[in-house]
Each structure stands twice: as C-alpha cells, then as structure tokens.
Amino acid sequence: TSLQDAGRFGYQRFGVSPAGAMDRLALAAANVLVGNGPEVGAIEFMAQGGSLVCAGAPVLVALAGGGATLAVHGKPTPAQTSLLLQDGEMLAVGPCRIGLFAYLAVSGGFTVAPQLGSLSLHRRSGLGGLEGRALAPGDRLPYTVGTALPMHLSDDLAADDGPIHVMLGPQDDYFPAEAIARFLGEGYRVSSRIARMGYQLEGPPLVAARGHNIVSDGIVSGHVQVPGN
C-alpha cells in the first residue's frame with residue numbers, strides 16, 4: 001500500500017523510473033469523485049485492502065478500481081460514490097475482487113511533499129511516499145480539505161478480459177515460428193510472483209533459437225520479456 005499519483009516524468013535519462021499509479025483510469029476516477037484533477041496523489045492498494053481512521057476535519061473520500069469495496073464503521077457504501085468521512089470514523093477497504101489495484105482519494109489531496117515533482121513511491125530508489133517507503137500501521141497522512149460535494153460515477157471500471165493485442169518486438173527473429181505461434185495461440189496465466197515492476201506468467205516455455213542473452217534494451221509499459229528460464 002503506497003501513495004501514487006500520475007508519475008514522475010523527465011528523469012528517465014538519469015535512470016529514475018516514472019513510477020506512478022498502476023491503474024491510471026481508476027486513479028482518475030477516484031479523483032474525479034472528490035473534485036480533484038485526475039493526476040492527484042491517492043492511496044494505492046495492491047490486492048489486499050486496509051483500514052484508516054479520520055483524525056481531523058471532515059473530508060470527502062472515494063474509492064475506485066479493482067472491484068474493491070468500501071465500508072464506514074462496518075456499513076458498506078455504494079461503489080464509485082464519494083462520501084463525507086467525519087472525525088473519528090473508521091474506513092475499511094476490502095480486497096480487490098477483479099484486477100489488482102484500488103485507489104482511495106481525498107478531496108484536496110494529501111499534503112505530502114513531492115520528490116522530483118511527484119509523491120509516487122518508487123521503493124527501489126527510495127523516492128516518494130512517506131520518506132521513500134510504503135505505508136505502515138500508525139502512519140498519519142495530512143490532507144487539505146477540499147470543497148467538492150459527494151457524487152457517483154455510473155461507468156463500469158471492471159477490467160476488460162478480452163483479447164490482448166500483441167506487437168512483435170525487435171528480437172522476434174530470435175524465436176522460431178513455432179515458438180511465436182505457441183505464444184500467440186496457447187494460454188498463459190499470471191502467477192503469484194508479481195510486483196509493481198512486472199508479473200511472471202505461467203504457461204508453455206518459449207525457447208529462443210538464437211539464445212536469450214541480448215544487449216540490454218529499454219522497457220516500455222506492457223513489454224513482454226522472455227528470459228532463459
């Protein structure tokens with residue numbers, strides 16, 4: 001669980017990852033519900049949820065993404081609906097039921113100092129978040145009280161589980177035709193070995209006829225890598 005916004009841009013030439021929300025649409029939806037711009041930082045929950053207590057002025061909050069549920073003092077709230085959280089009230093975010101990421105936004109945003117223009121946590125570099133780390137029990141997140149009113153989004157944010165378009169990359173000539181056909185025609189599933197950097201897939205092995213040792217390449221979002229194992 002970490003703080004994430006739209007990301008940290010302009011520093012990749014120095015080896016600094018953009019980081020940022022894994023599900024930009026869900027981040028934007030949570031922010032719209034509380035009157036923020038789509039890029040404002042929010043709490044990102046990965047798979048599992050968590051609980052928070054409002055310890056200050058009443059604040060408008062909203063949850064979006066991952067099919068996660070929201071409850072205040074044990075009372076469920078409608079999906080994709082913002083609500084006014086009062087001082088002392090406990091908010092519980094349930095685990096994601098579809099997808100992996102859910103976002104909790106507050107009206108006005110969290111007043112956490114950005115690093116290199118973003119509050120997004122990037123754990124490997126120790127940038128962003130709260131002192132370069134993920135959220136932990138006992139943390140306090142200051143916020144600015146916004147002026148937005150509660151609202152509801154009717155659009156369904158459910159993940160699309162239809163076909164995925166694949167564009168062959170610059171090393172496609174490393175693989176025989178039958179390996180490419182296997183990748184495009186067989187089933188692969190996301191394993192339990194996942195992180196914000198990438199997901200490991202399980203399925204038929206793909207052997208590169210010219211070997212798996214290549215010159216290091218730049219990586220873009222959605223890149224499929226085929227290591228030797």
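# Close-up views of the predicted model

**Figure 1. Helix 1 and its buried residues.** Ala26, Leu27, Ala28, Ala29, Ala30, Asn31 and Leu33 of helix 1 are buried (under 20% relative accessible area; exposed is over 50%, partly exposed in between; 1.4 Å probe, protein chains only). The model is predicted: local features need pLDDT of at least 70 and side-chain atom pairs count only at pLDDT 80 or more, while totals for chains, interfaces and linings use all residues. Residues are numbered from 1 along each chain as its sequence is written, and side-chain values use heavy atoms, with hydrogens and water left out. Helix 1 covers residues 24-33, and seven of these 10 residues are buried, so the helix is largely enclosed by the rest of the structure. Helices (H or I, at least four residues) and strands (E, at least two) are DSSP runs, numbered from the N terminus. The cover over the buried residues of helix 1 includes strand 1 (2-4), strand 2, strand 4 and strand 9; contact means heavy atoms within 4.5 Å.

Figure 2. Asp23 caps the N-terminal end of helix 1. A side-chain oxygen of Asp23 lies 3.3 Å from the backbone nitrogen of Leu25. Just after the helix comes Gly35, with a positive phi of about 80°.

Figure 3. Phe101, Tyr103 and Ala105 point one way. Ala102, Leu104 and Val106 point the other way. Strand 2 runs antiparallel to strand 9, and four bridges join the two. In that pairing, Glu44 stands opposite Tyr103. Strand 4 also runs antiparallel to strand 9, again joined by four bridges. Here Val61 has Val106 as its bridge partner. Two strands pair if DSSP finds at least two bridges between them.

Figure 4. Ala71 stands opposite Ala92 of strand 8.

**Figure 5. The second largest pocket.** Its volume is about 610 Å³. The lining holds 27 residues, with Ser51, Leu52, Val53, Asp139 and Leu141 nearest the centre. Strand 2 (42-46), strand 3 (50-53), strand 4 (59-64), strand 8 (90-93) and strand 9 (101-106) each give two or more residues to this lining. Strand 3 supplies the largest share, four residues. By type, the lining divides into 20 nonpolar, five polar and two charged residues. Ala, Val, Leu, Ile, Met, Phe, Trp, Tyr, Cys and Pro count as nonpolar, Asp, Glu, Lys and Arg as charged, and the others, Gly among them, as polar. On a 1 Å grid over the protein atoms alone, a pocket is an open set of points where a 1.4 Å probe fits, with protein on both sides within 12 Å along at least five of seven lines; lining residues have an atom within 4 Å of a point. Grid points are joined across faces, edges and corners, and a volume is the space filled by probe spheres set on the points.

**Figure 6. The surroundings of Ser120.** Ser120 is found in the loop between strand 9 and helix 2 (177-185). Ser120 is buried, with a relative accessible area of 0%. Its side chain makes a polar contact with the side chain of Asp5 at 2.5 Å. The side chain of Ser120 makes another with the side chain of Gln4 at 3.3 Å. A polar contact is a pair of N or O atoms within 3.5 Å; within protein, one must be able to donate a hydrogen and the other to accept it, and residues adjacent in sequence count only if both atoms are side-chain atoms. Not counting residues up to four places away in sequence, Ser120 also touches residues including Leu3, Gly7, Arg8, Ala19 and Leu127.

**Figure 7. Gly203 after strand 11.** Gly203 lies in the segment after strand 11 (199-202). Gly203 is partly exposed, with a relative accessible area of 44%. Leaving aside neighbours within four places in sequence, Gly203 is in contact with Gly187 and Tyr188. Leu135 is 68 residues away along the chain, and its C-alpha atom is separated from that of Gly203 by 34 Å.
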